[in-house]
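Reader: I have a chain open on my screen and would like to go through it piece by piece. Can we start with the strands?

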Amino acid sequence: MMNNLKSIFEGLLFLSGDEGVTIQQLNACVEEATKEEIQQTLHQMMDEYLNDCHGIELVCFGGIYKFVSKESIHPYAQRFFSSTKVAVLSNAAMETLAIIAYKQPITRVEIEEIRGVSCDMMIRKLLARNLIKECGRTDAPGRPFLYEVTNEFMDTFKLQSLNELPELPEYKQENEEELFE
C-alpha cells in the first residue's frame, strides 16, 4: 500500500500546484490510509526527493505539503525567467505585513494607529498579492474588516507557523523628564 500511496500523493501534489495539500485533504481522498500512514509516507517522499537526481523537493510550510524546485536549479531558473521581473515589497508594505502577522486578526484602523499613517493602499496591495486576507468583521461601528496572513505569506517567508516569527523587542517607556536631562 505504501508505494501505491506515494504515487497517489505524488499525482495529487502535482495537481495541487502552488496550493499544496494538507494531511486532512489527503486523508479525505485516501480514506483507507490513516493520518499516521499519510504523514509517514509524506516524510519518506521528502527524504527521497532530496536525492540529487531530482530537481524538485517536497516541503511542508504551514501544514501544507507541496513540490518546489531545488535551490541548486536557482541559477538556471533565473536565466529562464530573466525576462520576468519579480516585484519586491516596499518598506511600508513590509511594516504593514509585519503588524498584521504579529497582531492578527486586526483592523485597518488598528494598523494605522500603530504605523501612524494611512495604510489603505498597502492593504489593497497585500490583498492583491494574496499575502493577507479578510477573515471576518468586528462588532465595532461600521463593522470593519479583520485581516490576517495567508498560506501564501507562510510559503513566501518559509514559515511552518507564526510561532517562528522573531520575538518583538521589549520597549520601556521613559519619563519625559529623563529624556531632557
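Reader: Which residue in E5 is the bridge partner of Glu134?

Author: The partner of Glu134 in E5 is Tyr147. Before going on, note that this is a predicted model: local features need pLDDT of at least 70, side-chain atom pairs count only at pLDDT 80 or more, and totals for chains, interfaces and linings use all residues. Residues are numbered from 1 along each chain as its sequence is written, and side-chain values use heavy atoms, with hydrogens and water left out.

Reader: What holds paired strands together in general?

Author: Strands of a sheet pair through backbone hydrogen bonds, either parallel or antiparallel.

Reader: Which helix packs on this sheet?

Author: The sheet has the order E3-E5-E4. H5 packs on the sheet and touches E3, E4 and E5, where contact means heavy atoms within 4.5 Å. The direction of H5 makes about 95 degrees with that of E5. For that angle, axes are lines fitted to C-alpha atoms, for helices over the stretch in contact, and angles run from 0 to 180 degrees between N-to-C directions.

Reader: Which residues of H5 are buried?

Author: Ala93, Thr96, Leu97, Ile99, Ile100 and Ala101. Buried means under 20% relative accessible area, exposed over 50%, and partly exposed in between (1.4 Å probe, protein chains only). The cover over these H5 residues includes E3, helix H6 (108-115), H7, E4, E5 and H8.

Reader: And how much of the whole chain is buried?

Author: 30% of the 181 residues count as buried.

Reader: New topic: H3. What length does it have?

Author: H3 (residues 35-48) has 14 residues and reaches 20 Å from its first C-alpha to its last, close to the 20 Å expected. The expected span is 1.5 Å times one less than the number of residues.

Reader: Where are the buried residues of H3?

Author: They are Ile38, Thr41, Leu42, Met45 and Met46. These residues cover an arc of only 145 degrees around the axis, so they sit on the same side of H3. The arc is that of the directions from the helix axis to the C-beta atoms. Exposed residues Glu36 and Asp47 are on the face turned away from the buried side.

Reader: Why can spaced-out residues end up on one side of a helix?

Author: An α-helix has 3.6 residues a turn, so residues three or four places apart point the same way.

Reader: Where is Asn130, the one with phi near 60 degrees?

Author: Asn130 lies in the loop between helix H7 (120-128) and E4. Its phi is a positive value in a residue other than glycine. Asn130 is partly exposed, with a relative accessible area of 39%. Lys158 also has a positive phi, near 50 degrees, and is exposed at 56%.

Reader: Last one: how many disulfides?

Author: The count is 0 disulfides, a disulfide being a pair of cysteine sulfur atoms within 2.5 Å. Of the cysteines, Cys53 is exposed, with a relative accessible area of 61%, whereas Cys119 is buried, at 1%.

Notes. Pairing = 2+ DSSP bridges. Helix = DSSP H or I, 4+ residues; strand = E, 2+ residues; numbered from the N terminus.
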